[in-house]
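Here is a short report for a reader who is meeting this structure for the first time. Keep the sequence and the model in view while reading.

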Amino acid sequence: MSQDKLPGEEKTVDKPVTDPEASPKAGVEREDAQPNPTPLVPAEPKGVPLRAGMWSQGTGDTSGYSRIVRTTGWPAPSEPPYGSWYDDAYSRLLSLVEGLRIAVILDRGELTFRVPREQLTEVMRSLRDDALLRFEFCASVSGVHYPDDAGAELHSVYHLQSMTHNRRLRVETSCPDADPHIPSVVATYPAADWHERETWDMFGIVFDGHPHLTRILMPDDWAGHPQRKDYPLGGIPIEYKGTTVPPVDARRSYR
Amino acid sequence: MTAQEHDLYANPGEETEGTVYTAVGGGDWADIAGEQAERGDEVLVINMGPQHPSTHGVLRLMVECDGETVTSIRPGIGFLHTGIEKNMEYRSWTQGTTFVTRMDYVSPLFNEAAYCLAVERLLGIEDQIPQRANDIRVLMMELCRIASHLVAIGTGGMEIGALTVMTIGFREREMILDFFEAVTGLRMNHAYIRPGGVALDLPETGIAQLRDLINWLEKHLPEYAAFCNENPIFKGRMVGIGYQDLAACFALGVTGPVLRSTGYAWDLRKQQPYCGYETYDFDVITWDTSDAYGRFRVRLDEMWESLKIVKQATDRLEASTGQPVMVDDPKIAWPATLAVGPDGQGNSHEHIKHIMGDSMEALIHHFKLVTEGFRVPPGQAYVPIESPKGEIACHVVSDGGTRPYRAHMRDPGFNHLQSVPIQCEGGMLADVVVAIGSLDPVMGGVDR
C-alpha cells in the first residue's frame, strides 16, 4: 500500500466482485477452511400432532369426516442438490465455518439455514463478509415459541437480504427454555439492535453481548414475556378503582 | 416510590390493589434527571414527547443539548403497543387482516398486502390469485402510496411552518380516501385485501370515480413542487439535514425513500416483483444528497410514478370488468361472496338460500368456515413488499391450524427510528423535527 492512499481506499472496488479469492482473509477465511466437509445436522424439528376429521382438534365433528387422519408435519430438512444459487451458498458457508452443524430447509421457495446457537456469530459474520454470500442487510429478527420442541423451545429467526446478489435467506437458531441465551448479532448487523430488544421483551430470549438489552415495547417494570405461548391473551387482570376486569381468555372461550 | 404504591388515577387516600403499570413515573427519566442534577454542568436534558405535536404520534425522544446543539438523542417507543401480533394468534387467518390493517394506519393496504401474500405463500396459492385481484391490489396500493406520501410531505411541511403544504396535502389525500371508502366501505382500516384476493370488486361507478381522481391529482400534484422545490426557506430547513449515507442505511436496516435518497435505486417492486409489478411501466426515483430534502424530492417524484401505475391499472381494470377477484376455492374465498341486500346487510341472498334451503352439508361447512376458518399447512414464510416507508414484511408461522401460530410484522419505521441518533447528534435541536419528519415513522406500525 503506497503512502498517498487514504485509509480504506484500497478497499474501493468499481466492478462486480465474483472472484472467490476476493473474500476477506482475516478472521473469516482461514487457511484450514475445508473444501466440502460433511455437515453435522442438528436434531430434527418437532412434529405436529396428528389431526383427525375435517376440523380443528378437539371440536365436535358432525361432518361425517371424523375418520380422516392426516399427518401434518413441519417442513423436513431438504437434501442437496437444492438447485438455483442455494447449493453454492450452502457449500460456500460450509467451507467458511469450521465444523458447521447445519440443517437446510428449502420450503415454498424460501431457504432456511438452521444452525446451533454456538455457531451463530461465526455464521452471520461469514454470511455478511464473504463476497460470494454477501448478505449485507438484516431485515428483521423475530422470535417464535415452540413449547413442544423439547430442548429448543425458543427460536430466533433472522431474515437476511443480499442486495448485491438480490437473494433472501433465513437463519434460524434455538435455545432451551431453561437456558434462554443466544449470542447477539448486533456487532455484525447493527440493525438487529431493536429487533433483539423486542424479541427479549416478547419472548425472554437473552441476547448475550447485546449493548443495551432492555424492554422496548412493554413498560420497563413489566413482568413476563407476553408472546410466549404460556402467556395468556389479555395476560393480567386489569384493576381500575377497585374493580378487577379478568383477562380476556378468562371471560370468553377461544379454544 | 414503587409502582405498587402509587396510582395516579386513585383518589387521595384510596387503596390500590394489584400492580399499577404507568409510564408517568418514567423510571429511566427520573434516573436521567437525577444524574443531571448531580452533574451541575450546562447540559440541557430535554424530554420530547410522547405527547408532542411533531413526533408523529407517541414517540418519545430523550435529548441532551449543549446550548442548541444535540449531543445525544435516544428514541423511546412502545407507547402505542397494542399487542396486535399476540391477538392475531387467537383469531382466524382471515380475521388477521383486520388486525394488520391497524398497524401502520397511514398506509393500511400495504400491511394487508404483506400479510396476505405471506399467507398465500403458506397456502401455496400464489399462482392462483386472479389477475383482476392483483390489478386491484396494485391500484389500491399505489393510491395508498400517494396518500401516505402526502401525509409525510404535509406533516413534514407543517412542522417547519409550511402550513399550506399540509392543508393541500390532506385535501388530496381526502379525495383518495373517498375513493377507498367507495370501494372498501372505510376511509382507513379497510381489511380489504384478503388471503386469496380482495374482499369486493370495484363498485359500478368505480372506474368513473377513479378517472375523476386521476384528473384531480394531475391537476393538483404540481402545486407541491411549485410551493416547495425552490422555496429558499423550505430548502434552508431541509438541505443537509438528517444526513445518512448508504453504508449507514445498510447497517441500520433503512429502506424506502431514505435509502433511495442516497442514490441507490433499491425498490422491491423492481428487484423482487410481486402482484405483477413487473408488468407495469414505472421508474425508481433516486436522489443523491442523502438528506431530508432529497427524501422530500424522492417522495414527490414517487407520487407521479405511482400515478403512472394507477393509470395503467385503471385501463386493465376497465378491460377486465366482471372477472373474479377471489381465488377459486370456496373455503379460502369465504366470506368474499357478499352482496348488499335490500336490508342493507352484506349477506348474499343466493348463498343464504342455498345453505338454508338446499344443502345441510353446505350449512355445516358455512358454519365451520365462519367460526373456525380455513387451515394453513405448517411452515413459515417471510414476504417483503415495498411500502411508502420502505420494506414492510410479514413473517408468519403456521402449525397447520386455523390461526396463525406466530405473525410478526417487520415495519420499516421500527428500523428507521434506530437511525435517529446518527442523523441528529451534532445537529441543532430544531433540526430533530425535520429529520424525524423525513424518516416518516408511523407509531402504529412501529409499536404494533
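This is a predicted model: local features need pLDDT of at least 70, side-chain atom pairs count only at pLDDT 80 or more; totals for chains, interfaces and linings use all residues.

Residues are numbered from 1 along each chain as its sequence is written, while chains are lettered from A and ligands numbered from 1 in the order in which they are written.

**Chain A**

Chain A has 4 helices and 11 strands. Helices (H or I, at least four residues) and strands (E, at least two) are DSSP runs, numbered from the N terminus. Of the 255 residues in chain A, 33% are buried. A residue is buried if 20 or more other C-beta atoms lie within 10 Å of its own, exposed if 12 or fewer, and partly exposed in between; the C-beta atoms are placed from the backbone. Take the contacts in chain A between residues at least 6 apart in sequence: 54% of them join residues at least 24 apart. Two residues are in contact if their C-beta atoms, placed from the backbone, lie within 7 Å.

Strand β5 of chain A covers residues 137-145. Buried residues account for 9 of its 9, so β5(A) is largely enclosed by the rest of the structure. Its partner is strand β6 of chain A, residues 154-162. The two run antiparallel and are joined by 8 bridges. Two strands pair if DSSP finds at least two bridges between them. Within this pair, S140(A) stands opposite H159(A) of β6(A).

Two loop residues of chain A come next. L100(A) sits in the loop between α1 (86-96) and β3 (103-107) of chain A. L100(A) has 21 C-beta neighbours inside 10 Å, so it counts as buried. From L100(A) to V206(A) the chain runs 106 residues, and their C-alpha atoms are separated by 23 Å. S84(A) is found in the loop between β2 (69-70) and α1 of chain A. S84(A) is exposed, with 12 other C-beta atoms within 10 Å. Its phi is positive, about 55°, although S84(A) is not a glycine.

**Where the chains meet**

The contact takes 42 residues from chain A and 47 residues from chain B. On the chain A side, β5, β6 and α3 (192-203) each supply at least two residues. The most come from β5(A), which gives 6 residues.

**Chain B: the sheet**

In chain B, 3 strands form an open antiparallel sheet in the order β1-β2-β3. At its edges stand β1 (44-48) and β3 (69-76), each with a single partner strand, so one side of each is left without a neighbour in the sheet. On average, neighbouring strands of this sheet are turned by 20° against each other, direction ignored. β1(B) pairs with β2(B), residues 60-66, over 5 bridges in the antiparallel sense. There, M48(B) has L61(B) in β2(B) as its bridge partner.

Helix α19 of chain B, residues 429-439, lies across β2 and β3 of chain B and runs at about 145° to β2(B). Axes are lines fitted to C-alpha atoms, for helices over the stretch in contact, and angles run from 0 to 180 degrees between N-to-C directions. D440(B) lies in the loop between α19 and α20 (443-447) of chain B. D440(B) counts as buried, with 27 C-beta neighbours inside 10 Å. Its phi is near 55°, a positive value in a residue other than glycine.

| Helix pair | Axis distance | Angle |
|---|---|---|
| α7(B) and α13(B) | within 11 Å | roughly 160° |
| α5(B) and α13(B) | 9 Å | about 155° |

That makes α7(B) roughly antiparallel to α13(B). α5(B) and α13(B) are roughly antiparallel to each other too. Angles under 35 degrees count as roughly parallel, over 145 as roughly antiparallel, 65 to 115 as roughly perpendicular and the rest as oblique.

The largest nonpolar core has 162 residues, and A114(B) and A118(B) have the most contacts inside it. Helix α5(B), residues 131-159, brings the largest share of this core, 14 residues. Such a core is a set of buried Ala, Val, Leu, Ile, Met, Phe, Trp, Tyr and Cys residues joined through C-beta atoms within 7 Å. Leaving aside neighbours within four places in sequence, A114(B) is in contact with V383(B), I385(B), I392(B), A393(B) and C394(B).
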